[in-house]
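I opened my notebook with the sequence and the model beside me, and I wrote down each thing I looked up in the order in which I looked it up.

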Protein chains: 2
Amino acid sequence: LRGLLIRGGRVLYAEDLPAPGPPDSGAPAEECRVRVLRAGICATDLALARGYMGFAGVPGHEFVGVALDGPLAGRRVVGEINAACGACPTCRAGLARHCPHRTVLGILGRSGAFAEELRLPAGNLHAVPDEVPTDHAVFAEPLAAAFEIPAQVELVPGQPARVLGDGRLGLLCAQVLALFGVEVALHGRHPERAEHLPAGVVHAGPIPAGDAGERSPLVVEATGDPQVLQQALALVAPRGTLVLKTTSERASALDLAPLVVDEITLVGSRCGPFEPALAALAAGSVTVEPLLHARFPLREGAAAFARAARPGTLKVLLDIDPA
Amino acid sequence: LRGLLIRGGRVLYAEDLPAPGPPDSGAPAEECRVRVLRAGICATDLALARGYMGFAGVPGHEFVGVALDGPLAGRRVVGEINAACGACPTCRAGLARHCPHRTVLGILGRSGAFAEELRLPAGNLHAVPDEVPTDHAVFAEPLAAAFEIPAQVELVPGQPARVLGDGRLGLLCAQVLALFGVEVALHGRHPERAEHLPAGVVHAGPIPAGDAGERSPLVVEATGDPQVLQQALALVAPRGTLVLKTTSERASALDLAPLVVDEITLVGSRCGPFEPALAALAAGSVTVEPLLHARFPLREGAAAFARAARPGTLKVLLDIDPA
């Protein structure tokens, strides 16, 4: 099989990959094979290529494919990336995405989506509604991560909020908050990006420094830069909430006294529910077309990674099955 | 008037203090004079004496006194330490304890309780029930801070929780959680301290290192040591909550990746409601007697501070009016 490999800090194209087998660990649930059509490169993939988590293997976790077997055989599918054991106390408590025995597609113990074929448990797959183009459905996974915010935090219509970071994830988070009636001020270096966004999101320029900005009851940090956290804290109103989306690769210096004095709640937020993400893509209530910046065939994977790493780049797609 | 002063990193006894005037800033609410009977030394006082917040003046915010005027004139009172302006948007939103214009008794812009007399807005004072001894009522303020936890976090009866730190605040937090039916494992270096605590609190030895301890849905960090935070995070179960009580004086290195990956909620927690604290002291449902470690007359304030700073010391009282 054709696919990309990360090895020794490099992205390699291979044509002789074995078909993906069962995951490295975990109770094998009923697994399905998926022929991958298209995939998206995410900041986590770039981090893995730099050596994050000591990753070696096939990366990739944002994808659209066609199920080759199982209940959705023959249909276009997207997939939740955490494959849980289904049996441990965490799974039985309904927190399968946090199963300590989980494998994670293209990240942890499970070969990823930047290859012609992948495997996931049947329960992880979701059919893509016919009206959603394949290119757009690639956004189901990061958009689900944005929909994790309303699953964790009560959003109040009319309430002001700031989203820090006008990159891929920030643009999606801002749109999801706006869907819930929140009045979003989006911060970052690219004011032109807000032109294409639905009503309810206003680009408010760079992230205000220190105490320069008015403090908001809700701030979402989606910059990808762990150094922004201190600045983000200063923008949260007393008793307010800061949603943290950025996974840092190392410790950073942080003064949490403001968090205690102002009784701020800091909410770590990761993967989210696919159902509302697919519904929003089908309804066109979230705009993803302007986020598509480039497209590469699988064999040019190294170039695709380099392009995705270039500052100012939004989503880079890999055409895996050009059909 | 007699009282203690912090100046240049020293604790000084003075007999010629002026009567406390109106606060340095903020709209003057109806203020009452209070003759102080007894006061408690808290970790914040020790930090102020070391130069925290550049403090200079009369410290002290845990006290019992007799109101000299106002609606509670002649009665024993304790007092909420944050004096709000009452007029700004934060106050009007019901968050007076977070008023940006607030003064804080013995901490910020308002002369404190380690003196014969203090002033607070009438609305800050609470009458002490007759059945609560004066020594015990000194704990109203820190106990209120412990009661802030159930005001911020839903406590589930039967749910396990860990309280990190078996010092003054940790012992109070553990008891408050137990009042709500939470099964508390208290961690620290003093297993003997749990002997005097009510049922529902078990001393579980030192704070487990790294991934050695079973992860809990709720962890309360009350060690006073900001360096413990990383260890505390590792003890929180996925989607669990970490309540942070320690105010650090400086930034510390922190890797928040586990917070995001495990979707942990970090809740900053500071001052709390006095009503349930006084009710618990009156009912005897919270035990404070074993926390009383020493007592000094006002003129021996420097010795009292030195004693309070000695490792292993719980509450040190100042007898201000020996009556």
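**Entry 1: where the chains meet**

How many residue pairs are in polar contact across the interface of chain B and chain A? I noted first that this is a predicted model, and then I found that the rule gives 11 such residue pairs, both residues being at pLDDT 80 or more. I then looked up which elements of chain B take part, and I found that α4 (140-152), β15 (236-244), β16 (252-254), α7 (257-261) and β17 (265-268) each supply at least two residues of the side that touches chain A. Sorted by class, that side of chain B has 17 nonpolar, 9 polar and 10 charged residues.

I wanted the extent of the contact as well, and I wrote down that 36 residues come from chain B and 36 residues from chain A. The two chains bury about 2,900 Å² between them, and 57% of this area is on carbon and sulfur atoms.

**Entry 2: strands that pair across the interface**

I followed β17 next, and I saw that strand β17 (residues 265-268) of chain A pairs with β17(B) in the antiparallel sense, over 3 bridges. For A:Leu266 I looked up the bridge partner in β17(B), and the partner is B:Leu266.

Is B:Thr265, which I picked next, buried or exposed? B:Thr265 is found in strand β17 of chain B, and it counts as buried because its relative accessibility is 17%, where the cut-off for buried is under 20%. Leaving aside residues up to four places away in sequence, I found that B:Thr265 touches A:Thr265, A:Leu266 and A:Val267 in chain A, and B:Gly240, B:Thr241 and B:Leu242 in chain B.

**Entry 3: charged pairs**

I reminded myself that side chains of opposite charge can pair when their charged atoms come close. Over all chains the count comes to 30 salt bridges by the rule used here, and across the interface of chain B and chain A the rule finds 2. In one salt bridge between the chains, the side chains of B:Arg239 and A:Glu148 meet at 2.5 Å, N to O.

A:Glu116 counts as partly exposed because its relative accessibility is 26%.

Also in chain A, A:Arg295 forms a salt bridge with A:Asp319, and their closest N and O atoms are 3.5 Å apart. I noted that A:Arg295 lies in strand β18 (residues 292-297) and A:Asp319 in strand β19 (residues 315-319), 24 residues apart. A:Arg295 is partly exposed at 41% relative accessibility, whereas A:Asp319 is buried, with a relative accessible area of 18%.

I then turned to chain B, where the side chains of B:Arg295 and B:Asp319 meet in a salt bridge of 3.5 Å, N to O. B:Arg295 lies in strand β18 (residues 292-297) and B:Asp319 in strand β19 (residues 315-319), so the pair ties together parts that are 24 residues apart in sequence. B:Arg295 is partly exposed, with a relative accessible area of 40%, and B:Asp319 is buried at 18%.

**Entry 4: a sheet in chain A**

In which order do the strands of the open sheet of 3 strands in chain A lie? I read the order as β6-β7-β8, with mixed pairing. β6 (82-83) and β8 (109-110) stand at the edges, and each has a single partner strand, so one side of each is left without a neighbour in the sheet. Strand β7 (residues 103-105) runs parallel to β8(A) and is joined to it by 2 bridges, and in β8(A) the bridge partner of A:Val104 is A:Gly109.

**Entry 5: two strands in chain B**

Last, I looked up strand β11 (residues 160-164) of chain B, which pairs with β12(B) in the parallel sense over 5 bridges. In β12(B), the bridge partner of B:Ala161 is B:Val184. Strand β12 (residues 183-187) of chain B is mostly covered, as 4 of its 5 residues are buried.

Notes: Residues are numbered from 1 along each chain as its sequence is written. Chains are lettered from A and ligands numbered from 1 in the order in which they are written. This is a predicted model: local features need pLDDT of at least 70, side-chain atom pairs count only at pLDDT 80 or more; totals for chains, interfaces and linings use all residues. Side-chain values use heavy atoms; hydrogens and water are left out. Contact means heavy atoms within 4.5 Å. Buried area is the accessible area (1.4 Å probe) that two parts lose on being put together, summed over both. A salt bridge is a side-chain nitrogen of Lys or Arg within 4 Å of a carboxyl oxygen of Asp or Glu. A polar contact is a pair of N or O atoms within 3.5 Å; within protein, one must be able to donate a hydrogen and the other to accept it, and residues adjacent in sequence count only if both atoms are side-chain atoms. Ala, Val, Leu, Ile, Met, Phe, Trp, Tyr, Cys and Pro count as nonpolar, Asp, Glu, Lys and Arg as charged, and the others, Gly among them, as polar. Two strands pair if DSSP finds at least two bridges between them. Buried means under 20% relative accessible area, exposed over 50%, partly exposed in between (1.4 Å probe, protein chains only).
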